[in-house]
Amino acid sequence: MGRLSAATRSRLDDLIAEDAGADEESAGGGGTFFAELKADPGALGLDSLLAEVNKLQRVRGLQLPPELFGDISGKLVAAWRARAAKEYPSDLRAAAGPVRYTLLSTLCHVRETEITDSLVELRSTGT
């Protein structure tokens, strides 16, 4: 948590903020971009490609430090990412700051890498 600026922590909190327009029946409520971030890109096409580019830009807008997990084991980062992917926004809002920011920043950091890799792969296949 100490590796994240106050502005970055605020942007992470925005990911899981209550969304007044969210469907009341959705489990956990809120977090529209959070749900998008966790989702797979779907069928290959221009719309999904543009959605992934937009998602990547939004994740980069969080301004996570590039060295955030430089000294953390890959297994631990993978475990945190898996846990974050299973959480509802309401659960993360209720979590203590250190837990919330660790899980959110891990998910965002790993997803940024995954999205970048998939876009590079798409580009290299000529699609």
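Visitor: Which side chain makes a polar contact with the side chain of R81?

Guide: In this predicted model, the side chain of E114 is the partner, at 2.9 Å from the side chain of R81. R81 itself sits in helix 4, which covers residues 74-86.

Visitor: What else is R81 in contact with, leaving aside its neighbours within four places in sequence?

Guide: Besides E114, the list holds T106, L107, V110 and R111.

Visitor: Does R81 count as buried or exposed, and why?

Guide: R81 counts as buried because its relative accessibility is 19%, and the cut-off for buried is under 20%.

Visitor: How should I read charged side chains that meet?

Guide: The general idea is that side chains of opposite charge can pair when their charged atoms come close. Here, R111 and E114 form a salt bridge, with 2.7 Å from N to O. These two residues are three apart in helix 6, so about one helical turn separates them. R111 is buried, at a relative accessible area of 6%, whereas E114 is partly exposed at 30%. Salt bridges with shared partners join R81, R111 and E114 into one network.

Visitor: How many salt bridges does the count come to?

Guide: The count is seven. Another one of them joins the side chains of K55 and E52, at 2.8 Å from N to O. K55 and E52 both lie in helix 3, residues 46-60, and being three residues apart they are separated by about one helical turn. Relative accessibility is 6% for K55, which counts as buried. E52 also counts as buried, at 6%.

Visitor: Which residue meets R100 in a salt bridge?

Guide: The side chain of D13 does, with an N to O distance of 3.0 Å. R100 belongs to helix 6 and D13 to helix 1, so this pair ties together parts that lie 87 residues apart in sequence. R100 counts as buried at 13% relative accessibility, while D13 is partly exposed with a relative accessible area of 26%.

Visitor: What does the secondary structure of the chain come to?

Guide: It comes to six helices and zero strands. From the N terminus on, the order of elements is α-α-α-α-α-α.

Visitor: What share of the contacts with a separation of 6 or more comes from residues 24 or more positions apart?

Guide: Such residues account for 74% of those contacts.

Visitor: How do I read the nonpolar core?

Guide: As a general idea, in soluble globular proteins nonpolar side chains tend to be buried together. In this chain the largest nonpolar core has 21 residues, and L12, L15, L64 and C108 touch the most other members. At least two core residues come from each of helix 1 (6-15), helix 2 (32-38), helix 4 and helix 6 (97-124). Helix 6 gives the largest share, six residues.

Visitor: What part of the chain is buried, and how much accessible surface does the chain have?

Guide: Of the 127 residues, 32% are buried. The accessible surface is about 7400 Å², and carbon and sulfur atoms hold 54% of it.

Visitor: Where is K38 found, and what does K38 touch apart from residues up to four places away in sequence?

Guide: K38 is found in helix 2. On that count, K38 touches A84, A85, E87 and L107. A polar atom of the K38 side chain lies 3.2 Å from the backbone oxygen of A85. Between the C-alpha atoms of K38 and C108, which are 70 residues apart along the chain, the separation is 9.0 Å. K38 counts as partly exposed, because its relative accessibility is 26%.

Visitor: How do I read a backbone phi?

Guide: In general, most residues other than glycine have a negative phi. Q63 is not a glycine, yet its phi is positive, about 60 degrees.

Visitor: Where is Q63 found, and does Q63 count as buried or exposed?

Guide: Q63 is in the loop between helix 3 and helix 4. At 53% relative accessibility, Q63 counts as exposed, since the cut-off for exposed is over 50%.

Conventions: Residues are numbered from 1 along each chain as its sequence is written. This is a predicted model: local features need pLDDT of at least 70, side-chain atom pairs count only at pLDDT 80 or more; totals for chains, interfaces and linings use all residues. Side-chain values use heavy atoms; hydrogens and water are left out. Helices (H or I, at least four residues) and strands (E, at least two) are DSSP runs, numbered from the N terminus. Buried means under 20% relative accessible area, exposed over 50%, partly exposed in between (1.4 Å probe, protein chains only). A polar contact is a pair of N or O atoms within 3.5 Å; within protein, one must be able to donate a hydrogen and the other to accept it, and residues adjacent in sequence count only if both atoms are side-chain atoms. Contact means heavy atoms within 4.5 Å. Accessible areas come from the Shrake-Rupley method with a 1.4 Å probe; for residues, only the protein chains shown count as cover. A nonpolar core is a set of buried Ala, Val, Leu, Ile, Met, Phe, Trp, Tyr and Cys residues joined through side-chain atoms within 4.5 Å. A salt bridge is a side-chain nitrogen of Lys or Arg within 4 Å of a carboxyl oxygen of Asp or Glu.
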